[in-house]
Amino acid sequence: MTNPIFWVGVLTLALIYASLAMALNVESGWGGMWDLGIAGLLASGSYCYVILTAGPDLDMRFAPGLSMWVAWPLAALFTGLVAFAIGAPALRLRREYFLITTLAFAEIIRQLVVIQADFTRGTVGIPNINRPFDSFVSGREYNYVLLAIAAAAAAVMYLVTRQIGVSPFGRTLRAARDNEAVALALGKRVNRMRIQTFVLAGVLIGATAPVYLFYIRAISPQLFAPGITFTVWTALVIGGIGSIRGGLAGAFVLIVFTEAVGLIEVDPAHINILVAIEPFLVGLLLVLVLRFRPDGLFSERTAFGAGGRSNSRARDPRPAEPAATSGG
Amino acid sequence: MELVLDAVRKTFGGVVAVDDVSAVMPQDQITALIGPNGAGKTTLFNAITGFDPPDRGSITFGGRRIDSLPPWRVAEMGLIRTFQTPVGFTTLTVRESMLAAATPHFVETPLGALGLTRRGRGHERVAEGRADEITAELGLADLLDVRTDELSAGDRKLLEFARSLMAEPKMLLLDEPAAAVAPANIGRLSQLVRRLCDERGLGSLIIDHNLSFLMQIADEVHVLDRGGLLASGPPAEIAADPEVMRVYLGTDGAGGDGP
């Protein structure tokens, strides 16, 4: 039915989504900033990388033809700049308003890519993106190289985000998410920390963008429709928003599940039904996970300080406090 | 050093919540702010700490204007407040809450988190020591690893106070610190507030409805009624003031739980 190369590809995609979900977790899980603009940031990093590495053969207005090892970090930094430009106005808003604004910015970025065709080749897109070590390994074997690159990227992402999470910075970020007023009353520069976090997530997403391109091989604006943002979010929610390993676990479950659904053998006449039913099944998976593990596969509760312990003193058989006094 | 209010006024729509209040509160003494519900006590706290700046008048601390500063700047100057409803950092443990309060801002950066700057190394260990000390003193030591949302209301109230001590305050603003706290712990609380004032010159401005608690520890009492300052003076004098008792207890000084 399938060959190992297929599953190598699935794992590679899962690792890329895992990286994105772990980056999202820093801003949305710990920072409490519900960002629906992942696609826009990914587009910024991807197009920055593609344009910087483009050669003269592509007939683009700006094609410096930089080495991919130079373009990669520049793409990450550029995405951080884009995140700053979005975050500076959007972070004046809270919750749903912030969420809608980031979604809108992502769409604006996608439309800019379409309009600025001189620089981006618009809807035509760019095929055959150069990939690292492409000349040494050929054909199907390259999939293993790509898997290694994606695994290395996910490992770095895991280490970086974990370090953020357990640091005093991450702790105060979670504190300000829980109670902004108390954080302010303790002298926390909440707004500054949020914009720093938003930019950091942008840099991390921008750094992942080239790996995504190596996998996709060709770039066009349709790739960066909002769907990709929701896939990353679904992975994070399944894995456990606010936990350290959640993004990693959730992306594996989601991507392997989605790809496995695609493998169901049906009569070619009914293939459109299978395609239609796939998002339904993904939704069902999400509902089931949330029904039986509301915090996701990994929980923030077990990730930090409390380590899953609960208050033994509060569970003493002493008389329960009247509900009215536990107010607030 | 002192906290000075000069003709502070705050209105919400047509309602005058704080009406030309002027007062001087020395940073190294305990000042109580009492008054019936709706007198404007918490509004005054919000005005002082930058959460809800006054419409008119000025507020200075140590000679510097603070009435147009954001809350975190007021806090950095050493005015640390607590909240009437002790919600706190719901998902953080007691220890995490204490440490978060103590961490200086230059440690709380992404670069610091990734170990790319060396500033503030070792700070965490010092803060842990202080957190142990303070929680032990308030009877919270065995709750260090418990999440804030699993604490009883009384323990959350004590944490509210304990946390504010971690933020290197020059003066505390405590909004009903004794409410919902078990009577045995109120004794601990008032002793600590008094001792911090006597030994370290850390004064407080305290709102509470527990008059016996306040009258014991306060050096001076301000009585607020319908947004205005009704009386100011040492506790004994205020307790003997028939007008204050009438306003505060809604009686003519007889009955109720008056002194």
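Is A:Leu248 buried or exposed, judged by the other C-beta atoms within 10 Å? A:Leu248 is buried, because 27 other C-beta atoms lie within 10 Å. (Buried means 20 or more other C-beta atoms within 10 Å of a residue's own, exposed means 12 or fewer, and partly exposed is in between; C-beta atoms are placed from the backbone.)

The model is predicted: local features need pLDDT of at least 70, side-chain atom pairs count only at pLDDT 80 or more, and totals for chains, interfaces and linings use all residues. Residues are numbered from 1 along each chain as its sequence is written, while chains are lettered from A and ligands numbered from 1 in the order in which they are written.

**View 1. The surroundings of A:Leu248 in chain A.** A:Leu248 lies in helix H11 (residues 246-263) of chain A. (Helices are DSSP runs of H or I with at least four residues, strands are runs of E with at least two, and both are numbered from the N terminus.) Set aside its neighbours within four places in sequence, and A:Leu248 is in contact with A:Ala18, A:Met22, A:Ala154, A:Tyr158 and A:Gly239. (Contact means that the C-beta atoms of two residues, placed from the backbone, lie within 7 Å.) A:Ser19 is 229 residues from A:Leu248 in sequence. In space the two are 7.2 Å apart, C-alpha to C-alpha.

**View 2. Helices H1 and H6 of chain A.** Two packed helices are described by the angle between their axes and the distance between the axes. The axes of H1(A), residues 4-30, and H6(A), residues 142-166, come within 9 Å and cross at roughly 20 degrees. That crossing makes H1(A) roughly parallel to H6(A). (Axes are lines fitted to C-alpha atoms, for helices over the stretch in contact, and angles run from 0 to 180 degrees between N-to-C directions. Under 35 degrees counts as roughly parallel, over 145 as roughly antiparallel, 65 to 115 as roughly perpendicular, and the rest as oblique.) H1(A) passes H6(A) in a left-handed crossing. (Left-handed means that the near helix is turned anticlockwise from the far one by less than a right angle; clockwise is right-handed.) The contact has 20 nonpolar, 7 polar and no charged residues. (Ala, Val, Leu, Ile, Met, Phe, Trp, Tyr, Cys and Pro count as nonpolar, Asp, Glu, Lys and Arg as charged, and the others, Gly among them, as polar.)

**View 3. Helices H2 and H3 of chain A.** H2(A), residues 38-53, and H3(A), residues 68-90, pack at an angle of about 145 degrees. Their axes are 8 Å apart. The crossing is right-handed. H2(A) brings residues including A:Leu41, A:Cys48 and A:Leu52 to the contact. H3(A) brings others, among them A:Trp72, A:Phe78 and A:Val82. By class, the contact has 13 nonpolar, 4 polar and no charged residues.

**View 4. A six-stranded open sheet in chain B.** The strand order is S6-S7-S8-S3-S9-S10, with mixed pairing. (Two strands pair if DSSP finds at least two bridges between them.) S6(B) and S10(B), residues 228-233, are the edge strands, each pairing on one side only. Neighbouring strands are turned by 15 degrees against each other on average, direction ignored. S9(B), residues 220-225, and S10(B) pair in the antiparallel sense over 5 bridges. B:Leu224 stands opposite B:Leu229, and B:His222 stands opposite B:Ser232. S9(B) and S10(B) form a hairpin with 2 residues between them. In the turn, B:Arg226 has a positive phi of about 45 degrees.

**View 5. A four-stranded open sheet in chain B.** The order is S2-S1-S4-S5, with antiparallel pairing. S2(B), residues 15-26, and S5(B), residues 64-65, stand at the edges with a single partner strand each, so one side of each is left without a neighbour in the sheet. S4(B), residues 56-61, pairs with S5(B) over 2 bridges. There, B:Thr60 has B:Arg65 as its bridge partner. Helix H1 (residues 41-48) of chain B lies across S1, S2 and S4 of chain B, running at about 65 degrees to S2(B).

View 6. Most residues other than glycine have a negative phi. A:Phe133 sits in the loop between H5 and H6 of chain A, and is exposed, with 11 other C-beta atoms within 10 Å. B:Glu176 sits in the loop between S7 and H7 of chain B, and is buried, with 21 other C-beta atoms within 10 Å.
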